[in-house]
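Subject: Handover of a structure

Dear colleague,

Please find the structure below, followed by an account of what was found in it. I would be grateful if you would read the two side by side.

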Number of protein chains: 2
Amino acid sequence: MLDIWSHYPNVAQKLNTVSSLINEHLSTDNPDVQQLLADLSQEQGKMLRPGLFFLFAELGDNHEQNEEQLLRVAASLEILHKATLVHDDIIDDSPLRHGVVTIQSNFGKDVAVYAGDLLFTAFFELLIDTMNGMSMMKDNATAMKKLLFGELSQMHARFNQKQTIENYVENVKGKTAELFRLACLEGAYFGKSSPEITQIAASIGENIGIAFQIYDDILDYTSSSKILKKPVLEDLAQGVYTSPLLFAIAKKPQAFAPFLDKKQNISVTEIKNVSNLVHKLGGVKDAIFFAQGYTRKALEDIDKLPQNKITASIKELTTSLLNRKF
Amino acid sequence: MLDIWSHYPNVAQKLNTVSSLINEHLSTDNPDVQQLLADLSQEQGKMLRPGLFFLFAELGDNHEQNEEQLLRVAASLEILHKATLVHDDIIDDSPLRHGVVTIQSNFGKDVAVYAGDLLFTAFFELLIDTMNGMSMMKDNATAMKKLLFGELSQMHARFNQKQTIENYVENVKGKTAELFRLACLEGAYFGKSSPEITQIAASIGENIGIAFQIYDDILDYTSSSKILKKPVLEDLAQGVYTSPLLFAIAKKPQAFAPFLDKKQNISVTEIKNVSNLVHKLGGVKDAIFFAQGYTRKALEDIDKLPQNKITASIKELTTSLLNRKF
């Protein structure tokens, strides 16, 4: 769980219950998949999506809320996130995720394909448990679709030195921000906020998500493998060119071409050279400024909400996500 | 589409509409995935599941039926089937499916992972369109789960010369029969048959599915690549030991061990040797007898239904599935 949640004991407590719920949902008598599912449920991420969900749920009317429903919807968000991670790790060939060996690296790609599918099924089951017959079902299907389109579109843009920053943001909106958007939207909705507040929550979620992803991409250029608990500059080697690089390329494309033209055959030293160039040309600084723009948009929207202890917490969290170390 | 459907013009016509519906559902403005989705929707299988669905729907009260709903539920069955095929082809590393180059072979494994996920999403969307709020949603989620457990369990049993025929049938029930079961169950349900008939339909579907898969495994030992439009004995090379082989191993395990102990390093000639041994030891004959048992169970259940033109067609189809050439 992200350290941040220790500052919000109320949320932290609920996130623990969500973890248990996920464990429960991924437990099975089937000896063939028992270990796999146990590993999947033990792998703890930042729990950002369910955490944001609970913060936004607190905005609404406590007396009208269904605690059990809230916990299950929160679990559905984390499970959908896990499902996409398992399949992303296949694509990325990642050996590590949060410092833990990935499913595909531990059990093989084949198992990882089905493991992700099982998580999609668990997600689907939780939706049926909590919102069967509600229009929010449709919102979930749409989010899942946008998420995948974002991933596919990012894959399509691989090794494209001419990828525009607009295209990059579109992909980020899909692959990352859509689930943040859904988390905040559902938090407000199931927390029984008004439709107006629910709409603002969705917009806040999207902007937090975009800023979060841009900052994630920045950390790839500024942090170390030890702190990030995953290999750095892996995206670059795999042809996923993120904002720090795209801003730098825009300034001096000819400086990057000799390296990037090598595509997947780029060496570790050359990757280091590219990273140095990105820093030198201000790509990291530009990207930070860019991320701050989306954080600012989120903060402006938060100001439109009734100002109280909860909105102060949401504000604080939004800002702190751009100051994190991993 | 399976030739068989030409004998049922009413069903054939509906299956054409289902194909168009699938095309529609897999069309997108997104240029990155347009071609991929177009390829996915053009790949025409036997359409067995939606075909069975329509036959069972005809058992019910025509006046109470919602034609649009029937078409969409039928499409959901075929799309779920396609989703599992795309992911199976990744596991099997199959170059061909129905004589057409597979997604993973044409676009790469990475795209195939997401393509399958997109199909799961399209499946999910169709369910929301047709049965949001109905308990049948839960049946679909359960079917999807059993399907995946069947696949995972089959994967777990790879290269296991001691796999029992009971274990094989359990896996077949999951990976194949569950979707046949769902198709017949939903056909009766959305066709507005009584709960009793709906339950019998589910049981018929399961037994047809088991017989179908056993026969599919038999064809692998008796047909040619040209007729099957896919490589034969591919399962064997990949450690998936099906009923003809399992029956033969049970009779003379020591004859197979020298070949099968080589696992994935088995040569083409050795595979041919194993196949000859299977025939010699009566494995194919045993498997045919075994499949016939499930067909008989299905026919007994069909006899419990009101006897009319439709049930005669269902009977005919059930029998003909064990006489097909591919």
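**Symmetry and the interface**

Chain B is superposed on chain A by a rotation of 180 degrees with 0.0 Å of shift along its axis (RMSD 0.0 Å); the superposition is by least squares on the C-alpha atoms of residues with pLDDT of at least 70 in both copies. The two copies are thus related as by a two-fold rotation axis. In chain B, the C-alpha of Gly133(B) is the nearest to this axis, at 1.7 Å.

This is a predicted model, in which local features need pLDDT of at least 70 and side-chain atom pairs count only at pLDDT 80 or more, while totals for chains, interfaces and linings use all residues. Residues are numbered from 1 along each chain as its sequence is written, chains are lettered from A and ligands numbered from 1 in the order in which they are written, and side-chain values use heavy atoms, with hydrogens and water left out.

The contact (heavy atoms within 4.5 Å) takes 41 residues from chain A and 41 residues from chain B. Of the interface residues of chain B, 100% are also interface residues in chain A, so the copies meet through the same surface.

Together the chains bury about 4,000 Å², of which 69% is on carbon and sulfur atoms; buried area is the accessible area (1.4 Å probe) that two parts lose on being put together, summed over both. Tyr114(B), Phe124(B) and Leu152(B) supply 18% of the area that chain B buries against chain A, more than any other three residues.

Four salt bridges are counted between chain B and chain A, a salt bridge being a side-chain nitrogen of Lys or Arg within 4 Å of a carboxyl oxygen of Asp or Glu. The side chains of Lys145(A) and Glu125(B) form a salt bridge, at 3.3 Å from N to O. On the side of chain B that touches chain A, at least two residues come from each of α2 (31-42), α4 (67-92), α6 (109-131) and α7 (136-156). Helices here are DSSP runs (H or I, at least four residues), numbered from the N terminus. The largest share of that side, 15 residues, belongs to α6(B).

**A residue in a loop**

Gln163(A) lies in the loop between α7 (136-156) and α8 (165-190) of chain A. With a relative accessible area of 10%, Gln163(A) is buried (under 20% relative accessible area, 1.4 Å probe, protein chains only). Not counting residues up to four places away in sequence, Gln163(A) touches Ala157(A), Tyr168(A), Asn171(A), Tyr241(A) and Leu246(A).

Note on methods
Buried < 20%, exposed > 50% of the residue type's maximum accessible area, 1.4 Å probe, protein only.
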